[in-house]
Amino acid sequence: MQKASAGKAGKAIKPVKGGPREAEKAAPFKPRGDRRPEGATRAPRPADAPSVSEPVKALAEPQRTLMVRTGERPAERVPLILESQGAGDFHLIDSGEGEKLEQYGPYRVVRPEGQALWPKALPAHVWERADAIFTGDTDEDGMGRWRFPREALGETWPLSLLDVDFLGRFTSFRHVGVFPEQIAHWTWMKERIETAGRPLKVLNLFGYTGVASLVAAAAGAEVTHVDASKKAIGWARENQSLSRLDKAPIRWICDDAMKFIQREERRGHRYDIILTDPPKFGRGPNGEVWHLFEHLPLMLDVCRELLAPKALGLVLTAYSIRASFYSIHELMRETMRGKGGLVESGELVIREAGLDGKTQGRALSTSLFSRWVPK
């Protein structure tokens, strides 16, 4: 069938024309340190190796049908607004007039932002001193290029969020390798892993450049990261080395998300936390087609079956779709019938923090989400 690159799948598939976030995941780049010929794979690792890449399965696999769920729907909490003001090397400085000014480590970056309808709060000279400005097509599926008004910058630079180090990268689809609105979900996940008092297994579908997977692994979880883009997996493994987590128990799996989770269901594998961040539209490594409105119900249905008996959460994020958060909220509640717990849904927003990273300003909405948690 089916954000790809983490992932923002990359993530379990290589998306095409579904928004810059999805398209970037398919943007070409050559990870440093990887000099293998195109299409070559690493030799198999021992079964007990902590990190492994699994090749895509070429054989067609039948999709199962939706299960008929019975029982009471979970309790609900709506609307829930999860706000990120910034963390580590990132914060939103200002926004307005269709743009946003962000701090990524040492660089100030200007990118298009259609939802920033208000005037800019900071004077023009602050915006003009940006280190990198994305120019070109500002449509959701548009490509463009970066302009560096002050001095030429390299393709990559080091960043850190939640004690995880990774590479920022200027891509032709305006993104830089991390979606900081997810800080709210990553903080939630990190706290639960660290306080669980037992080993946890995390599944990260459409994992893009692996920042979420590294946050989970650094907190002590065993992680399975799925992304259909080989380039995204390469970038994620670069980030793993940069974070000094080479020995962390992470499986890097290049595969179509839907095919992978259905195999996991048949194998009887279970996870304590599942993150899924699918694109609006995309294609898998073997031409599989993913349409969010068509395939999301089955994906969530299978994810429910992959939850361990004492699972701590199933998190869904949806970007660039013309829908209310209620659409995914009610779908999540129907999917989790008879499971008990609580479904909380709403929006992820980033709060402006000014030049100093501490001056609160306006909230910029970025995406919809729905999250099931046990009560």
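Tutor: Let's start with helix α3, residues 183-195, and helix α4, residues 211-219, whose axes lie 9 Å apart and meet at an angle of about 20°. Because angles under 35 degrees count as roughly parallel, α3 is roughly parallel to α4. Keep in mind that this is a predicted model, and that the crossing of these two helices, α3 and α4, comes out right-handed. Which residues of α3 and α4 meet? On the α3 side they are Trp186, Met189, Lys190, Ile193 and Glu194, and from α4 come Val211, Ala212, Val215, Ala216 and Ala219. Sorted by class, this contact has eight nonpolar residues, two charged ones and no polar ones.

Helix α7 covers residues 292-306 and helix α8 covers residues 325-335; they pack with axes 10 Å apart at an angle of about 40°. What does that angle make them, parallel or oblique? They are oblique to each other, because the roughly parallel class takes angles under 35 degrees. The crossing of α7 and α8 is right-handed. In this contact, α7 contributes Leu296, Pro297, Leu300, Asp301 and Arg304, while α8 contributes Ile328, Leu331, Met332 and Thr335. By class that gives six nonpolar residues, two charged and one polar. Asp and Arg count as charged, so Asp301 and Arg304, both on α7, are the charged ones.

There is also a residue worth a look from helix α5, which runs over residues 230-242 and holds Arg237. Is Arg237 buried or exposed? Its relative accessibility is 15%, and since buried means under 20%, Arg237 counts as buried. In sequence Arg237 is 23 residues from Leu214, and their C-alpha atoms are 9.8 Å apart in space.

To set these details in the whole chain: there are eight helices and 18 strands. Of its 375 residues, 57% count as buried. The chain exposes about 15600 Å², with carbon and sulfur atoms supplying 52% of that area.

Note on methods: Residues numbered from 1 in each chain as written. Predicted model: local features only at pLDDT ≥ 70, side-chain atom pairs only at ≥ 80, totals over all residues. Heavy atoms only, no water. Helix = DSSP H or I, 4+ residues; strand = E, 2+ residues; numbered from the N terminus. Buried < 20%, exposed > 50% of the residue type's maximum accessible area, 1.4 Å probe, protein only. Areas by Shrake-Rupley, 256 points an atom, 1.4 Å probe, with all protein chains shown as cover. Axes fitted to C-alpha atoms, helices over the stretch in contact; angles between N-to-C directions. Parallel < 35°, antiparallel > 145°, perpendicular 65-115°, else oblique. Left-handed = near helix turned anticlockwise from the far one by under 90°. Contact = heavy atoms within 4.5 Å.
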